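User: I have a structure open and would like to go through it with you. Can we start with the overall picture and then look at single residues?

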Amino acid sequence: MQPETTITPNISFEEYRNQILRDYKIALTSRECSLLGRREVLTGKSKFGIFGGGKELPQLAMARVFRDGDFRSGYYRDQTFMMAIDQYNVEQFFAGLYAHTDIEKEPFAAGRQMGGHFATHSLNEDGSWKNLTKQKNSSSDISPTAGQMPRLLGLAQASKVYRNEKSVSEHANFSINGNEVAWGTIGNASTSEGLFWETVNAGGVLQVPMVISIWDDEYGISVHAKHQTTKENISLVLEGFRRDEKHDGYEIIVVNGWDYPALVEAYETAEDLAREQHIPVIVHVKELTQPQGHSTSGSHERYKSEERLNWEREHDCNKKFKEWIIDHNVATAEELLELEKACKKTVRQGKNSAWNAYISEIKEEQKQALIRLEAVESKSANKNFISPLVKTLADKDEPIRKDILEATRRTLRYLIKEDFPEKAALQNWINNYIAEIQPKYSDHLYNDFDSNATKIEEVKPQYDDNAETVDARVILRDNFDQIFNRVPESLIFGEDSGKIGDVNQGLEGLQQKYGEIRVSDAGIREATIIGQGIGMAMRGLRPIAEIQYLDYILYCIQGLSDDLATLRYRTFAKQKAPLIVRTRGHRLEGIWHSGSQMGGLIHLLRGIHILVPRNMTKAAGFYNTLLDSDEPAVVVECLNGYRLKEKMPSNLSEIRTPLGVVETVKEGSDITLISYGSTLRLVEQAAKELLAVGINAEVIDVQSLLPFDLTHDIVKSIAKTNRVLIIDEDVPGGATGYILHKLIDEQNIYQYLDSEPQTLSARPHRPAFGTDGDYFSKPSTEDIFEKVYEIMNEVNPSNFPQLR
């Protein structure tokens with residue numbers, strides 16, 4: 001049965017007809033891309049593919065109401081939508097499938113993500129912002145299920161900030177009166193993820209202009225909805241979030257995914273509520289199909305019954321759309337057949353064009369490699385071994401770069417004992433080739449532009465003769481006060497950050513001064529706190545997201561690692577999110593709020609700066625430096641440092657703590673001691689006590705773990721002392737192992753060592769409760785003293801007889 005819903009156009013029939021046929025053409029083109037894309041994977045031209053077949057119609061309806069300035073935060077089924085907003089074409093579809101590393105050919109990721117991960121360009125060639133209100137925007141997709149949801153919240157919240165906060169209301173490049181809507185998409189099975197529920201709850205609390213579309217085909221890969229969702233119906237489960245006369249909440253719309261006019265009406269309603277009133281909306285699009293199964297790795301015939309398969313064939317949204325067009329006299333069956341043939345031809349031509357563009361580059365590289373290989377082949381005494389390598393490469397009709405480097409690098413093995421000009425030419429070619437090609441897969445992890453934070457020079461604190469000594473948290477508070485005054489885009493939020501000024505009073509009184517938008521409380525929901533920050537940072541704001549304790553960062557590590565840390569890299573420097581994450585940790589007594597996750601963070605968060613200031617003056621300088629730049633960072637304040645006394649600098653707002661620069665806090669000649677954060681105070685105390693037994697230790701504060709000692713000052717210290725001990729409270733092999741790797745592999749300290757380089761870490765468990773638990777779990781001053789003494793005992797046992 002055809003739907004009774006009708007569209008009443010406010011345009012001429014010819015315009016109306018053209019609009020409908022354009023939508024049908026896009027649907028056909030998208031489906032044909034999916035079908036042909038699957039064949040390309042199965043023939044070996046691509047490694048893997050996930051496509052949007054079966055989801056075409058609701059995406060066309062959503063595209064109708066998607067305006068300039070709006071943002072999408074979706075997932076890898078949304079190819080039809082991207083085509084409908086003119087941000088995706090056939091050639092780009094196949095360029096993504098082939099992982100073409102040319103950003104002009106594959107504009108979403110330059111081949112760094114598999115096809116179906118979409119992104120528009122927010123940045124100019126120099127890394128500055130484009131005018132985002134004059135283009136349709138898509139935040140860069142990630143594969144982890146529901147991972148797009150927290151970021152969606154922040155993209156929507158930015159509109160609320162721009163509409164209601166006077167300090168940023170005039171930012172014309174980012175918003176026009178907060179009228180922009182953030183559109184999220186998610187598969188029905190992925191709504192089982194906690195990130196979805198956390199986002200839905202937070203969106204209802206914040207009342208932000210967010211429309212969440214749930215594409216429901218009843219399956220998550222092979223797992224039916226009965227195993228995914230209570231009542232097998234996500235909109236029924238979400239009923240408690242529906243708004244009513246007494247309570248804010250969501251407008252919830254349920255619509256069949258094959259009903260074109262109902263879909264158009266549903267999305268027009270959703271747009272009006274979200275754009276005009278900032279009411280969040282959930283659109284549950286049910287009765288969708290997935291005609292090719294989940295991905296190219298399998299077939300849905302394996303897990304769907306024949307009855308279900310027959311239903312899907314009858315309810316395929318493209319088939320239903322065609323029937324509706326004919327029944328409503330928009331076009332004849334013959335006209336649509338011609339359109340279908342034209343679309344198939346267009347897709348085939350686009351595929352061929354994309355493949356030729358992709359393979360022609362590599363074939364030219366193959367040709368250049370063969371010239372060098374054939375030259376050494378004719379000269380080498382090992383020709384019989386080289387010739388098969390040359391032939392194998394030459395016979396590759398569709399080579400990849402791996403083939404080229406395997407052949408050329410393996411050839412060098414047969415030339416080890418030979419010396420002639422052709423060998424040198426091959427060596428140079430390989431070196432130059434790797435230098436040219438490697439950046440296509442590796443660069444843009446960090447900021448490559450002049451705004452790089454490491455280029456900001458240090459400004460040291462200055463003190464008046466009568467400088468006041470204050471609780472260290474006052475330095476942070478006053479610095480944040482000056483930040484909010486001079487950086488109107490800045491805002492901070494987190495658990496207890498607002499009314500009480502954070503649990504350690506580092507924001508005392510600032511909500512009263514700057515308002516609840518700029519200094520605000522958030523619920524106990526770390527993942528969406530980070531999502532708020534990522535989304536708002538992608539729209540030109542300068543958010544500081546507070547995670548109350550370092551231990552809690554584990555709740556949001558997925559978003560930090562998969563989304564924030566990879567953003568600049570996975571978009572080939574076409575998007576950025578300069579989010580600052582403020583947290584605190586170390587040296588509290590007990591399993592929670594007291595351990596060190598640094599080893600995990602520095603390995604999971606490459607792409608984010610990890611900063612570990614030893615006091616609040618240093619921390620204030622880091623915040624100032626970061627706000628002069630545009631890069632994401634995690635700042636770990638010392639949890640036991642807020643009530644310690646520090647002098648108030650006279651140039652507080654001018655202080656800049658440099659990134660990637662260590663500081664020597666005590667000169668010495670016998671051994672170099674390296675640490676950071678709260679543990680550094682123990683190291684300093686041990687160093688003083690070591691002087692009493694004739695050991696003069698040099699103490700170095702790392703200050704930042706990512707980046708680490710860019711000027712290689714530590715090796716200069718070790719060249720003087722010839723010994724090194726690295727101390728922290730992370731587990732063995734954590735941050736100390738990372739630091740040791742940096743010193744050995746990058747700074748080559750081994751050439752200066754007279755003693756074995758050593759580390760002193762915490763025990764391989766979280767600290768036990770209480771002062772004694774802390775003492776026996778983490779390095780103490782006595783541990784540090786005795787470890788240093790033990791090293792010196794080995795050096796000179798007569799001067800330093802065994803201690804115990």
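Analyst: Of the 804 residues of the protein, 60% count as buried. Keep in mind that this is a predicted model.

User: How many helices and strands are there in the protein?
Analyst: The protein has 26 helices and 22 strands.

User: Which domains does the assignment give?
Analyst: The assignment gives domain 1 (13-120 + 130-331), domain 2 (362-441), domain 3 (469-647) and domain 4 (664-795). The centres of domain 2 and domain 4, taken over C-alpha atoms, are separated by 46 Å.

User: What does UniProt place at residues 470-644?
Analyst: An unreviewed UniProt entry places the feature "domain: Transketolase-like pyrimidine-binding" there. Residues 470-644 are 37% helix and 17% strand, and the end C-alpha atoms of the span lie 8 Å apart.

User: On to the inside. Which residues touch the most other members of the largest nonpolar core?
Analyst: Phe 94, Tyr 267, Phe 321 and Ile 325 do, in a core of 87 residues. Helix 11 (residues 333-379) gives the most to this core, with 13 residues. Domain 1 and domain 2 each supply at least three residues to this core.

User: What is Phe 321 in contact with, leaving aside its neighbours within four places in sequence?
Analyst: Phe 321 is in contact with Ile 20, Asp 23, Tyr 24, Leu 57, Leu 60 and Tyr 260. Apart from that core lies another one, of 84 residues, including Ala 182, Ile 610, Val 636 and Phe 708.

User: Next, Thr 296. Where is it found, and is it buried or exposed?
Analyst: Thr 296 is found in the loop between strand 8 (281-286) and helix 9 (306-315). Thr 296 counts as buried because its relative accessibility is 10%, and the cut-off for buried is under 20%.

User: What lies 3.0 Å from a polar atom of its side chain?
Analyst: The backbone nitrogen of Gly 49. Beyond four places in sequence, Thr 296 is in contact with Arg 38, Val 41, Leu 42, Phe 48, Gly 49 and Phe 51.

User: And Gly 535, where does that lie?
Analyst: Gly 535 lies in helix 17 (residues 526-537). Gly 535 is buried, with a relative accessible area of 0%. Not counting residues up to four places away in sequence, Gly 535 touches Arg 151, Gly 154 and Leu 155.

User: What is phi of Asp 496, and of Asp 502?
Analyst: Phi is near 70 degrees for Asp 496 and near 75 degrees for Asp 502. Most residues other than glycine have a negative phi.

User: Where do these two lie, and how do they count for accessibility?
Analyst: Asp 496 lies in the loop between strand 10 (490-494) and helix 16 (510-514), and Asp 502 lies in the loop between strand 10 and helix 16. Asp 496 counts as partly exposed at 33% relative accessibility, whereas Asp 502 counts as buried at 0%.

Note on methods
Residues numbered from 1 in each chain as written. Predicted model: local features only at pLDDT ≥ 70, side-chain atom pairs only at ≥ 80, totals over all residues. Heavy atoms only, no water. Core = buried A, V, L, I, M, F, W, Y, C linked by side-chain atoms within 4.5 Å. Buried < 20%, exposed > 50% of the residue type's maximum accessible area, 1.4 Å probe, protein only. Helix = DSSP H or I, 4+ residues; strand = E, 2+ residues; numbered from the N terminus. Domains from an automatic or database assignment. Contact = heavy atoms within 4.5 Å. Polar contact = N/O pair within 3.5 Å; in protein donor to acceptor, adjacent residues only side chain to side chain. UniProt positions renumbered as here; feature names shortened; annotations may be inferred.
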